[in-house]
Structure formats: structure tokens, C-alpha cells
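Here is my note on the model, written as numbered points. Please read it with the structure open beside you.

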Amino acid sequence: MDTVADMPSLTLGSKTARLPIVQGGMAVRISMAPLAAAVARAGGVGLIAGSGLGVEELRREMRAARESTDGIVGVNIMVAVRAFKELVNAAIEGGADVLVCGAGFSRDVFGWGADAGVPVVPIVGSARVAVLAERFGAAAVVVEGVEAGGHLGTERPMLDLLPEIVDAVSIPVLGAGGVVTGADIKRTLDAGAAGVQIGSRFAATEESSAPLAFKELYVSATDEDIVLVKSPVGLPGRAIRNPFSRRIDVGDHPEIERCISCLKKCGQDYCIMERLVMSQAGDVEDGLVFAGSSAARIHDIPTVAELMSRLEHEWCEAEERGV
Ligand SMILES: Cc1cc2nc3c(=O)[nH]c(=O)nc-3n(C[C@H](O)[C@H](O)[C@H](O)COP(=O)(O)O)c2cc1C
């Protein structure tokens with residue numbers, strides 16, 4: 001009898017993960033040490049979200065993750081945050097295995113990563129930027145489609161965008177946006193990806209640092225509940241519809257009480273850090289609840305170990321069926 005092959009592994013720089021699954025960085029304080037370490041222990045790549053953290057807090061999270069796993073743990077930092085360089089340094093000093101950078105493009109980070117021997121993986125939304133990233137020394141690129149949660153850099157679906165980026169570069173390409181099941185992973189790998197980056201599905205796991213009310217919004221969300229919200233970062237953001245997103249929609253912007261210039265450029269429509277911190281603290285009405293369109297297909301809050309074995313199982317089933 002034919003046996004079904006194992007899921008392929010994923011190599012980033014000198015590190016190889018048993019599974020081709022990267023848990024996307026989710027700020028503010030959604031993907032912290034407990035989630036990243038659990039994903040790493042299960043054979044994937046776990047990412048702590050550095051954006052919105054202080055340097056000391058990021059160091060503490062890295063230490064906590066390192067103490068609980070020798071698997072692959074990295075840090076995601078948005079290029080748009082003013083403290084980008086300081087956070088990259090803290091991540092490197094804390095022993096990050098990989099740096100993933102979204103919401104903007106930094107040329108400098110490739111040099112910092114190379115000096116420290118840490119692979120750098122930018123999030124890209126076009127073949128042009130992917131080629132540029134490869135030229136600067138990226139170890140891989142993440143192609144994020146319009147389905148993704150958080151800030152969006154493209155209007156195109158991931159599976160539409162992915163093949164042209166796979167053709168344009170020779171480094172590994174990871175697909176992100178709308179991946180929830182093992183069958184989604186198979187479709188993404190079949191389209192030429194070396195792996196996937198998954199955000200929303202991991203936000204609704206036990207180890208995620210999102211509060212229960214946040215996770216329950218994911219579980220109850222339908223397609224109509226997932227909307228685009230204008231972000232002061234200058235990009236649209238995908239989130240769950242709530243009283244706050246409705247306010248933003250009609251231009252009723254809450255006043256900024258205290259600005260700490262956390263972003264390099266800010267439209268000042270409202271304070272996005274404050275609103276992300278509020279939702280993480282449990283206020284899912286007045287806070288901003290980032291979520292991918294795939295949240296409508298999330299119906300439970302498993303542990304990371306349960307989820308990872310489910311993904312492997314579903315991938316095997318899809319392989320057997322050849323779909
Ligand atoms: C709650 C939430 C917060 C996010 N925060 C960040 C972030 O800080 N930096 C980043 O590069 N991407 C961020 N993302 C995007 C994810 O890392 C990931 O690429 C995306 O969610 C993939 O799409 P999916 O949610 O359909 O799996 C966030 C996504 C969510 C759902």
C-alpha cells in the first residue's frame with residue numbers, strides 16, 4: 001500500500017523546521033512567548049510580535065520563549081514603527097532565529113541580520129519587491145494576500161499573487177492569508193510555496209495572548225463581520241466589525257489623548273496602538289480587533305498542539321485525495 005509522504009520541512013537560513021508552518025507575528029501582544037514557543041515545540045516557526053512592545057518587554061518575551069523550547073522562535077517587527085531598529089537589536093540580542101518584517105520595506109535590516117547571522121524574511125505584496133528583497137539578502141519572503149488579517153499591502157488574493165513571485169525569485173516563498181486548514185496548506189504548497197504563514201487561526205488558540213472575548217469574536221464571526229478599516233499607518237487593515245470599526249467608517253475619529261510618536265508616519269486619524277492595546281486588554285467594542293477573512297472559517301479554540309496535529313492530518317487527507 002502506498003504511504004502518504006510527511007509534510008515537507010521548511011528551511012530558513014541555517015534552521016530547518018519540521019513543518020512548513022510559520023505562525024505570523026500578531027501585534028499588539030497577541031503572539032507573545034506562550035504562542036510562539038508552543039508553535040516551535042510543535043515543529044513550526046513561532047513569531048513573537050515586537051511592534052508596540054518596549055525593548056525590555058521584547059527581551060523578556062524572547063527569554064521566556066527560549067526557556068520553554070529549543071525550537072525555532074523569531075520576532076516580527078513592523079518597519080512602520082519608530083523603534084524598528086531598537087526592536088530589531090533586542091530581537092537579535094535575545095537570540096531570535098529569524099526576523100520577519102512587515103508593513104513597509106527596510107533595506108538596512110538585511111545588513112543588521114547578516115552581521116548577526118540571523119535570517120531576514122520580509123513580507124511582500126509584489127514580485128518587484130520580492131526581487132529587491134532577494135537582491136538585498138532575504139532568506140525567504142512571505143507573500144501576503146488580501147485575505148490576511150492586519151495591515152494589507154495588496155488587493156490581490158494570495159494564490160493569485162504567489163505563482164508570479166515563486167517564478168521571480170529563487171529563495172523560499174511562504175504564502176500568507178486565508179490559510180486555516182491542512183487542505184489550504186496543500187493548495188498553497190501546490191502553487192509553489194515552500195511554506196505558509198498563518199495568523200488568524202493561531203490568534204484563536206489557547207496559547208494566544210488574545211483575551212477570551214477576542215477569540216470568541218473570531219469563533220462567532222461570519223463573512224459579513226470581517227471588514228476593511230482605514231489605518232493611520234496609511235494602509236487598509238482587516239478587522240472584525242465592531243462599534244469602533246463602525247465609528248471609523250463614518251469618520252467619527254476618537255481624539256488622540258496622548259501621542260508618543262510610535263509610528264514613523266502616522267495619519268493621526270486615531271491612535272492605532274491605543275486601539276490595539278484596548279482590544280488585547282479585553283475591550284473588543286472600542287478596541288480594534290484585527291482578523292483575516294478566514295476568521296469566518298474558525299469555529300473553535302484548540303491548543304496549539306491540537307491544531308498542529310489537525311493541520312498535519314488534514315494535509316495528509318488532502319494529499320491522499322489528491323486535491
Ligand atoms: C490580530 C492580528 C495581528 C497582526 N499583527 C501583525 C503584525 O504585528 N505584523 C505583521 O507583519 N503582520 C501582522 N498580522 C498579519 C499576520 O502575521 C499574518 O500574516 C496574517 O494574519 C495571515 O493571514 P491569516 O490571518 O488569514 O492567516 C496580524 C494579523 C492578525 C490577525
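**Notes on the predicted model**

1. Helix α5 passes helix α6 in a right-handed crossing. (A crossing is right-handed if the near helix is turned clockwise from the far one by less than a right angle, and left-handed if anticlockwise.) The residues in contact are Ala-127, Ala-130 and Val-131 of α5, with Glu-164, Ile-165 and Ala-168 of α6. Contact here means that two C-beta atoms, placed from the backbone, lie within 7 Å. By class, that gives five nonpolar, no polar and one charged residues. The classes are simple: Ala, Val, Leu, Ile, Met, Phe, Trp, Tyr, Cys and Pro are nonpolar, Asp, Glu, Lys and Arg are charged, and the others, Gly among them, are polar.

2. Some ground rules. Residue numbers start from 1 along each chain as its sequence is written. The model is predicted, so local features need pLDDT of at least 70 and side-chain atom pairs count only at pLDDT 80 or more, while totals for chains, interfaces and linings use all residues. Helices (H or I, at least four residues) and strands (E, at least two) are DSSP runs, numbered from the N terminus.

3. Back to the helix pair. Two packed helices are described by the angle between their axes and the distance between the axes. The axes of α5 (residues 127-136) and α6 (residues 158-168) come within 9 Å and cross at roughly 35 degrees. Axes are lines fitted to C-alpha atoms, for helices over the stretch in contact, and angles run from 0 to 180 degrees between N-to-C directions.

4. How is the protein divided? Domain 1 takes 16-209 + 299-321, and domain 2 takes 212-295. These bounds come from an automatic or database domain assignment. The two centres, taken over C-alpha atoms, are separated by 21 Å. The contact takes 28 residues from domain 1 and 23 residues from domain 2. On the domain 1 side, β9 (150-151) and α8 (200-203) are the elements that give two or more residues. The largest share, three residues, comes from α8. This side of domain 1 divides into 12 nonpolar, 11 polar and five charged residues.

5. Now the ligand. Its shell has 31 residues, and the closest are Gly-24, Gly-102, Gly-149, Gly-199 and Gly-292. β5 (72-78), β11 (195-198) and α8 each supply at least two. Here too α8 gives the largest share, three residues. By class, the shell holds 14 nonpolar, 14 polar and three charged residues.

6. Most residues other than glycine have a negative phi, and most peptide bonds are trans. The peptide bond from Ala-27 to Val-28 is cis, with omega near 0 degrees. Arg-29 is in the loop between β3 and α1. Its phi is positive, near 65 degrees. Is Arg-29 buried or exposed? Arg-29 is buried, with 21 other C-beta atoms within 10 Å. (Buried means 20 or more other C-beta atoms within 10 Å, exposed means 12 or fewer, and partly exposed is in between; C-beta atoms are placed from the backbone.)

7. Ala-103 lies in the loop between β6 (99-102) and α4 (108-116). Ala-103 is buried, with 24 other C-beta atoms within 10 Å.

8. Helix α1 has eight of its nine residues buried, so it is largely enclosed by the rest of the structure. Its buried residues pack against β3, β4 (45-49), α2 (55-68), β5, α8 and α12 (304-321). One of the buried residues is Ala-37, with 23 C-beta neighbours inside 10 Å. Leaving out residues up to four places away in sequence, Ala-37 touches Gly-46, Ala-65, Ser-68, Thr-69 and Val-73. After α1 comes Gly-43, with a positive phi near 105 degrees.

9. Last, helix α11 (residues 272-280). Its buried residues include Ile-272, Arg-275 and Leu-276. The buried residues of α11 pack against α9 (212-220) and α10 (243-249). Gly-282 follows α11, and its phi is positive, near 110 degrees.

How values were computed. Near = placed C-beta within 6 Å.
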